[in-house]
Amino acid sequence: MLAIIDYDAGNTYNLKKAFDYLKIPTVLTADPQQIKTSDGLILPGVGAFAPAMATLQQRGLADLVKQEALAGKPLLGICLGMQLLFDSSTEYGKHAGLGLIPGQVVAFPEKPGYKIPQMGWNQNQLRQKNSDFAFLANEYTYFVHSYYAKCEAEYVVTAVDYMVQVPALVQRQQIYGTQFHPEKSGAVGLQVLQTFAQKVVGK
Amino acid sequence: MLAKRIIPCLDVDQGRVKKGINFVNLTDVGDPAQIAAEYQRQGADELVFLDITATNQQRKTMVDVVEQVSRQVFMPLTVGGGITSITEIQALLKAGADKVSLNSAAVADPGLITAGAKKFGNQCIVVAIDVKTDPSSGKQLVYTHGGQQKTSLEAVAWAKQVVALGAGELLVTSMDQDGTKAGFAIDLYRQLGAAVDVPIIASGGAGSLQDFVDVFQSADVAGALAASVFHYHELTIAQVKSTLRQAGVNVR
């Protein structure tokens with residue numbers, strides 16, 4: 001059973017529907033016991049960094065998710081949920097994240113011809129050939145975001161080009177994050193969720 | 001680089017797709033979820049559902065439609081038609097819509113754009129603008145209520161205003177071109193593209209493969225929307241994309 005962390009994050013229901021479609025059992029929960037006994041965690045998120053982090057902390061979920069991930073439980077952060085995995089963000093002031101992957105979440109630079117947010121389908125460039133997610137090479141996935149993660153190349157599995165090289169799928173050990181929305185990225189997006197469930201959690 | 005989007009539009013009346021779409025492999029030609037799934041298979045980048053239900057009482061069915069579609073279709077969904085309140089926007093987003101499009105309500109109550117953008121983010125709020133050239137003055141005027149009511153608003157000025165109010169995207173239909181299959185209103189999109197910095201979706205006039213090439217090559221639009229050419233198999237999404245790719249337009 002995968003636990004989708006429930007903290008009024010926005011894209012939760014669509015994520016649940018995607019897992020349901022794939023017949024992968026999930027539970028939408030904020031219950032510590034359920035989170036502890038789950039086989040893997042999904043951290044959704046849409047919106048701004050600081051209020052999301054504050055909600056996670058108020059509900060006692062930030063420390064719990066961190067502990068579980070550090071103890072080896074597979075974790076997949078999605079969109080803002082991916083950004084929360086990093087050390088900090090500069091969105092409306094400097095805010096600490098979960099600190100599970102070294103790096104900082106920063107705003108896109110302003111550049112003529114590039115609209116912010118990045119909204120639409122962008123093409124993944126594969127950076128780590130041996131990844132379970134290598135099938136993303138040259139595939140388009142769906143993005144909606146105004147900030148992006150700046151981190152070392154060793155954590156970047158795929159990236160897309162939007163003014164800068166934007167990490168699209170990141171990984172540190174069994175901790176993964178997608179800046180794109182797999183639940184809105186058609187067949188290849190569903191394959192990301194399935195691969196996480198089967199190859200990362202199912203290992 | 002972001003891919004240019006090809007967007008089929010479905011008219012929904014009381015929960016059923018209105019126009020006689022004739023995909024041979026559908027068991028129920030009026031079922032929005034089946035048609036949406038077929039468009040996903042064909043490679044659509046996004047879907048727009050336009051609620052053309054006449055009465056408010058039956059509008060709630062649109063939430064059910066979105067709920068059903070989003071159980072089997074995993075791409076961005078935009079819903080428009082008759083939305084007048086934050087409560088309605090919230091219900092549609094919760095049911096699985098990614099964006100809502102405001103048209104008449106944006107003109108009647110521009111504050112709704114700002115309220116929606118503040119609560120859900122600019123990227124959720126699309127303003128749909130129906131534009132027709134005024135025969136006497138030659139001005140590009142905005143129409144509301146499904147093109148039935150003329151306003152005194154000029155298209156470019158209105159576009160700037162709604163973007164300032166918080167619209168994250170504009171869906172602009174040229175009523176002059178709509179239904180003619182004579183191509184998109186390229187001059188209009190050029191003017192709008194120069195005036196605002198949010199994505200613009202061109203709508204109205206698609207008839208041939210070349211029409212899609214022309215609009216993407218000649219104007220700064222993020223996507224092109226069409227209904228009848230796709231519904232009646234005059235063109236397939238795959239054909240449109242392969243033609244665009246050959247012309248050097250970045251598509252998925």
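**Figure 1. Surroundings of A:Gln171 in a predicted model.** Leaving aside neighbours within four places in sequence, A:Gln171 is in contact (heavy atoms within 4.5 Å) with A:Gln128, A:Glu154, A:Tyr155, A:Val157 and A:Tyr176. This is a predicted model, in which local features need pLDDT of at least 70 and side-chain atom pairs count only at pLDDT 80 or more, while totals for chains, interfaces and linings use all residues. Residues are numbered from 1 along each chain as its sequence is written, chains are lettered from A and ligands numbered from 1 in the order in which they are written, and side-chain values use heavy atoms, with hydrogens and water left out. A:Gln171 belongs to strand S13 (residues 164–172) of chain A; helices (H or I, at least four residues) and strands (E, at least two) are DSSP runs, numbered from the N terminus. The side chains of A:Gln171 and A:Tyr176 are joined by a polar contact of 3.3 Å. A polar contact is a pair of N or O atoms within 3.5 Å; within protein, one must be able to donate a hydrogen and the other to accept it, and residues adjacent in sequence count only if both atoms are side-chain atoms. A polar atom of the A:Gln171 side chain also lies 2.8 Å from the backbone oxygen of A:Gln173.

**Figure 2. Residues of chain A listed as "active site" in UniProt.** The unreviewed UniProt entry lists A:Cys79, A:His181 and A:Glu183 under this heading; such positions are given in the numbering used here, feature names are shortened, and annotations may be inferred rather than shown by experiment. The listed residues are spread over 105 residues of sequence, yet they cluster in space, with a largest C-alpha distance of 10.7 Å. A:Cys79 occupies the loop between strand S4 (75–78) and helix H5 (80–83) of chain A. With 6% relative accessibility, A:Cys79 counts as buried; buried means under 20% relative accessible area, exposed over 50%, and partly exposed in between (1.4 Å probe, protein chains only). Not counting residues up to four places away in sequence, A:Cys79 touches A:Gly45, A:Val144, A:Thr178, A:Gln179, A:Phe180 and A:His181. A:His181 lies in the loop between strand S14 (175–178) and helix H6 (186–201) of chain A, and is buried at a relative accessible area of 7%. Under that sequence limit of four places, the residues that A:His181 touches are A:Asn11, A:Val46, A:Ile78, A:Cys79, A:Tyr142 and A:Val144.

**Figure 3. The interface of chain B and chain A.** Chain B contributes 29 residues to the contact and chain A contributes 23 residues. The area buried between the two chains is about 2,200 Å², of which carbon and sulfur atoms give 59%; buried area is the accessible area (1.4 Å probe) that two parts lose on being put together, summed over both. In chain B, the residues that lose the most area to chain A are B:Met1, B:Leu2 and B:Phe74, together 32% of what that side buries. Three salt bridges are found across the interface, a salt bridge being a side-chain nitrogen of Lys or Arg within 4 Å of a carboxyl oxygen of Asp or Glu. B:Asp220 forms a salt bridge with A:Lys115, with the closest N and O atoms 3.7 Å apart. Between chain B and chain A, 13 residue pairs are in polar contact (both at pLDDT 80 or more). Helix H2 (61–72) and helix H3 (86–95) of chain B each supply at least two residues of the side of chain B that touches chain A; the largest share, four residues, comes from H2(B).

**Figure 4. Salt bridges within chain B.** B:Arg5 and B:Glu46 form a salt bridge in which the closest N and O atoms are 2.8 Å apart. B:Arg5 lies in strand S1 of chain B and B:Glu46 in the loop between helix H1 (32–42) and strand S3 (47–51) of chain B, so this pair ties together parts that are 41 residues apart in sequence. Both B:Arg5 and B:Glu46 are buried. A further salt bridge joins the side chains of B:Arg190 and B:Asp187 (3.7 Å, N to O). Both residues of this second pair, B:Arg190 and B:Asp187, lie in helix H7 of chain B, three residues apart, about one turn of the helix. B:Arg190 is partly exposed at a relative accessible area of 44%, whereas B:Asp187 is exposed at 51%. Salt bridges that share partners join B:Arg5, B:Glu46, B:Lys99 and B:Glu169 into one network.
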